[in-house]
Number of protein chains: 2
Amino acid sequence: MQEENIHKFEKPSVTVDMIIFTIIDKDLKILLVRRKFNPFKGKWAIPGGFVRIDESLEQAVNRELLEETGVKNVYLEQLYTFGDIKRDPRGRVITIAYMALINSLELKLKASTDASDAQWLSVNNVPSLAFDHKKILDYALKRLRWKFEYTTVAFSLLPKKFTINKIQTIYEIVFEKKFDKRNFAKKILYLNLLKGEGIKKDVSHRPPMIYSLKKNIGEIIKII
Amino acid sequence: MQEENIHKFEKPSVTVDMIIFTIIDKDLKILLVRRKFNPFKGKWAIPGGFVRIDESLEQAVNRELLEETGVKNVYLEQLYTFGDIKRDPRGRVITIAYMALINSLELKLKASTDASDAQWLSVNNVPSLAFDHKKILDYALKRLRWKFEYTTVAFSLLPKKFTINKIQTIYEIVFEKKFDKRNFAKKILYLNLLKGEGIKKDVSHRPPMIYSLKKNIGEIIKII
DNA sequence: CCAAAAGTGTTAGTGATACACCCATGT
DNA sequence: ACATGGGTGTATCACTAACACTTTTGG
């Protein structure tokens, strides 16, 4: 035998599952879907699905994301791969978990009615989840906070133009604490990531400056 | 249909691949194996293999690690999952990459002869690798440095008892730069991670203090 | 005039870095 | 006595955190 046989072993199934974060009403929310089928029929689960043989993991995630939320070109990050033998009662299923950050203004699926099988629910009030999805959520929250601290991912949750206060607010939501606004503005502006975009009009108080991100910087830098 | 069918889709193959780090002769090395079969017959690759249907990912990694190096109970960390469609010319293969840190004293497979099909090679002098293994190595090196900076994983490369100088040396090897020994000792001791274990005898200079790690702390703390 | 959020500097404390000399042992 | 690595303190600098008042607009 000159070529190793990749079909010698029985293959596991492979899925991608996603924690999709957005901020609605000053609250960090994730998208959950109610399962239509067994196992865990009727339970909440995070969106996901099988990886097709002819698509990459990123393609699979983007496809599922588009199906569930109607958005594309959002911030996506692979989190971790969960492969316990018993994590799916139907058989061996390995899942590659991702997180997505979506600016809620782009969403077609907005705050949905209670009857819907897909809903945005606050991370502080998540129901019991199917499979090991709670573990995935906990992992995602840790990663999200870390990324907020050291990278510019936070801006993915905002529209292109924003005020300093908007940024501070999403940091306060994610870290569940208040920051001093002088120190916050000082840090953000000192990093030289932002470009002035004029002044916001039609507010019933002193008009704030508007900024945009110069470019989405991949590097790890200390933000907060 | 009440139960979703997990066998609806053609399944990819799933492997685990490992970057196994150790320090030999004051040099950071990884284990590479020469491929016996096509594709890439004769090329160097990182160790790995198919995940069996009845073992978890960690079990698969530990099994492969034991086969290749004869060691168990070493530091293991999942890195990232690589799933490009064309990464393996034989077909669709998704690989979950891990890194392992091994104290070279525990190795059965020591610096091997040139004829061997498994060798420890310096990360600074790695030959061209099969598949996308270079990408995995680059990722592992970044992660290793990050982990050295923020956690106590470095101690996994040392025997249970060690001197401050030994720790400093592995940090210098991994970061490829020198640290000031007063500042280094100050930082490490200040963290309160170490327990004194007496004094090292039979050295032809002032005998150094020996330490051990109090416990392997999972938390993220700033080390360097 | 009032309400609401924007904008802006200084000080004190903490942690990081730079730097040099004497010590204990084996040969 | 010499060679080898071990052990130790201080001063400066940079960064972080705490803290309050005035400004601009709409209603």
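# Exercises on a predicted protein–DNA model

By class, the lining of the second largest pocket has 18 nonpolar, seven polar and eight charged residues. Here Ala, Val, Leu, Ile, Met, Phe, Trp, Tyr, Cys and Pro count as nonpolar, Asp, Glu, Lys and Arg as charged, and the others, Gly among them, as polar.

The model is predicted, with pLDDT of at least 70 needed for local features and 80 or more for side-chain atom pairs, while totals for chains, interfaces and linings use all residues. Residues are numbered from 1 along each chain as its sequence is written, chains are lettered from A and ligands numbered from 1 in the order in which they are written, and side-chain values use heavy atoms, without hydrogens and water.

**Exercise 1.** Describe the second largest pocket.

*Solution.* Step 1: the space in this pocket is about 920 Å³. A pocket is found on a 1 Å grid over the protein atoms alone, as an open set of points where a 1.4 Å probe fits, with protein on both sides within 12 Å along at least five of seven lines; lining residues have an atom within 4 Å of a point. Grid points are joined across faces, edges and corners, and the volume is the space filled by probe spheres set on the points.

Step 1: 33 residues line the pocket, and Thr163(A), Ile164(A), Asn165(A), Lys166(A) and Thr169(A) are the closest to its centre.

Step 2: strand E1 (13–24), strand E8 (161–162), helix H3 (164–175), H4 and strand E10 (209–213) of chain A each give two or more residues to the lining. H3(A) has the largest share, seven residues. Helices (H or I, at least four residues) and strands (E, at least two) are DSSP runs, numbered from the N terminus.

**Exercise 2.** Give the order of helices and strands in chain A.

*Solution.* Step 1: chain A has four helices and ten strands.

Step 1: along the sequence they follow the pattern β-β-β-β-α-β-β-β-α-β-α-α-β-β.

**Exercise 3.** State how chain A is related to chain B.

*Solution.* The superposition is by least squares on the C-alpha atoms of residues with pLDDT of at least 70 in both copies.

Step 1: this is the relation of a two-fold axis.

Step 2: both copies use the same surface, as 100% of the contact residues of chain A recur in chain B. Contact means heavy atoms within 4.5 Å.

**Exercise 4.** Describe the protein surface near DNA strand D.

*Solution.* Step 1: 21 residues are around DNA strand D, and Asn183(A), Arg206(A), His205(B), Arg206(B) and Met209(B) come nearest. A residue is near a strand if one of its heavy atoms lies within 4 Å of it.

Step 1: five of the residues of this surface are nonpolar, seven polar and nine charged.
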